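Here is a brief report on one protein model. It takes up charge pairs, then overall build.

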Amino acid sequence: MDGLQRGSVAIVGVAESDLGAVAQDMSPVDLMAQGIHRALADCGLGLRDVDGLICATAQSRTSGLALAEYLGISPAFVDTTILGGSSFMFHVAHAQAALQLGLCKVAVIAYGSTQRTIGRRHASVREYNPYETPFRPFLPSTAYALAASRHMHQYGTTREQLAAVAVAAREWALLNPVAWEKKPLTIAEVLSSRMISYPFTVRDCCLVTDGGGAVIGCGQAITHANISSMPDLTVTGALPSGRAAYRVAGLGAKDIDVVELYDAFTINTILFLEDLGFCPKGEGGSFVADGRIAPKGSLPVNTNGGGLSYCHPGMYGLFLLIEATRQLRHECGARQVADCETAIAHGNGGVLSSQATVILGTQATV
């Protein structure tokens, strides 16, 4: 994405749809449209201004057609690229390119999911994999647990350090009035919770909620589709995607004020902090210990509570962009990071398969 121009476009409106457990019979397209209307209201635009429509959901094969029909618009530019939870960071890069090329003037990125209402199995049907399915893995938990186990074996990462990620996310969520989880969480409670797939208990795993939303350097990388084909279980595509994003933005990890990472499982945060350059490889466990990424720590990470405690409606990536934008606009109330001028939003799709990094800044950093 080196052809993209640094600071050439702006995110002007962001919003969530209803979250948690939504009203009966609401569809993913309902939630997308709700998020779009709220995002347009956030920036003072209307549907008549939208000529670029970008969306993704696992619950519709032709989401672009369905959403355009629902909204009653005929956009000049449509993109329904779907690469799991990182789709929306890819969408940002595609929107930036479309805007620079003059294919559209106002692009909307939208997502919707009703996985909590209809059940995760119905929202995202698993494909048969001859190398994995016969062993009956509980996906995606088992796949991420494999990466976590390897990291523990190779670098001495402990279950307590993994649990520290969940505790930090919960502390941020307690400052977010729309977060799903409302009770404090301790490391002991994470460790003693119901085991899902070793080393993960239920508190190491993301939430299952409904929800949707709508909304600068970009970098992307795809390394595999299935965990059994991942080249190295402890190194993700965040390494090249982060390097590309830093290069385009002309920034480095030391310049980032707020970090929003796709935390489907506690190991994600540790892996991405390492691969994005916030700490050396293998030291992510010790880096997150002692509250360093919690509200009173030195590096604000997942300031809305993350997928572990705020919401996780199937593909969480869009919510990272929403929170990063709100932090940069200083709209986050009790969880606001002081003097925030730069933010990184890093998306993850599949089972650590597709990685996409977006660096956002204010006018002061352009």
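## Salt bridges

Asp42 is partly exposed, at 35% relative accessible area. (Buried means under 20% relative accessible area, exposed over 50%, and partly exposed in between, with a 1.4 Å probe and protein chains only.) This is a predicted model: local features need pLDDT of at least 70, side-chain atom pairs count only at pLDDT 80 or more, and totals for chains, interfaces and linings use all residues. Residues are numbered from 1 along each chain as its sequence is written, and side-chain values use heavy atoms, leaving out hydrogens and water.

Asp42 forms a salt bridge with Arg329, with the closest N and O atoms 2.7 Å apart. (A salt bridge is a side-chain nitrogen of Lys or Arg within 4 Å of a carboxyl oxygen of Asp or Glu.) Arg329 is partly exposed, at 27%. The structure holds 10 salt bridges.

## Two further pairs

Arg203 and Glu181 pair at 3.5 Å, N to O. They link distant parts of the chain, 22 residues apart. Arg203 is partly exposed at 33%, while Glu181 is buried at 14%.

Lys281 and Asp275 form a salt bridge at 2.9 Å, N to O. Lys281 is partly exposed at 29%; Asp275 is buried at 5%. Shared partners join Asp42, Arg329 and Glu331 into one salt-bridge network.

## Overall build

Buried residues make up 57% of the 366 residues in the protein chain. The C-alpha trace spans about 55 × 45 × 40 Å along its principal axes.

Notes. Helix = DSSP H or I, 4+ residues; strand = E, 2+ residues; numbered from the N terminus.
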